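Here is a short walk through one structure. Keep the sequence and the 3D view side by side as you read.

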Amino acid sequence: MAEEKLINSELAETVKKNMPDDEYLYDLSELFRIFGDSTRIKILYSLFDSELCVGDIAAILNLSQSSVSHQLRILKDSKLVKFRRDGKSIFYALDDDHVRSILNLGMEHLEE
């Protein structure tokens with residue numbers, strides 16, 4: 001197999017220099033992997049405008065509380081949702097506006 005010649009080696013070097021370190025690219029791929037589950041996306045959308053407890057999310061999405069808790073743990077570990085305690089209740093919300101932006105950009109891309 002013949003080796004391909006680079007058409008623009010200067011451009012290739014610029015792209016290489018601007019490429020993030022492998023560690024960052026790995027972390028980015030892990031972040032997008034989290035978005036690769038429709039149940040987690042539904043949970044994120046349920047939290048889009050307000051905070052909710054596990055029971056509310058489970059009722060809205062017609063899922064078991066155990067399933068919702070499991071997915072919320074993954075989302076929390078990935079810093080996509082945050083929580084606060086109010087007595088015995090725990091309320092979940094999107095961690096910040098970046099999460100809303102990612103969801104909005106994804107939807108915009110799909111609607112093009």
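Start at lysine 79. Its relative accessibility is 62%, so this residue counts as exposed, the cut-off being over 50%. The model is predicted. Lysine 79 sits in the loop between H5 and S2. Its phi is near 60 degrees, a positive value in a residue other than glycine. Most residues other than glycine have a negative phi.

A second residue with a positive phi is asparagine 62, at near 55 degrees, and this one is not glycine either. Look for asparagine 62 in the loop between helix H4 (54-61) and helix H5 (65-77). Asparagine 62 counts as exposed because its relative accessibility is 71%.

Now move on to the strands. How do S2 and S3 pair? Strand S2 covers residues 81-86 and strand S3 covers residues 89-94; their pairing is antiparallel, over six bridges. Arginine 84 stands opposite phenylalanine 91 in S3. Together S2 and S3 make a hairpin, with two residues between them. Glycine 87 lies in that turn, and its phi is positive, about 70 degrees.

Finish with helix H6, residues 97-111. At its start, look at aspartate 96. A side-chain oxygen of aspartate 96 comes to within 2.9 Å of the backbone nitrogen of histidine 98. What span should H6 have? The helix has 15 residues, and at 1.5 Å a residue it should span 21 Å.

Conventions:
Residues numbered from 1 in each chain as written. Predicted model: local features only at pLDDT ≥ 70, side-chain atom pairs only at ≥ 80, totals over all residues. Heavy atoms only, no water. Pairing = 2+ DSSP bridges. Helix = DSSP H or I, 4+ residues; strand = E, 2+ residues; numbered from the N terminus. Expected span 1.5 Å × (residues − 1). Polar contact = N/O pair within 3.5 Å; in protein donor to acceptor, adjacent residues only side chain to side chain. Buried < 20%, exposed > 50% of the residue type's maximum accessible area, 1.4 Å probe, protein only.
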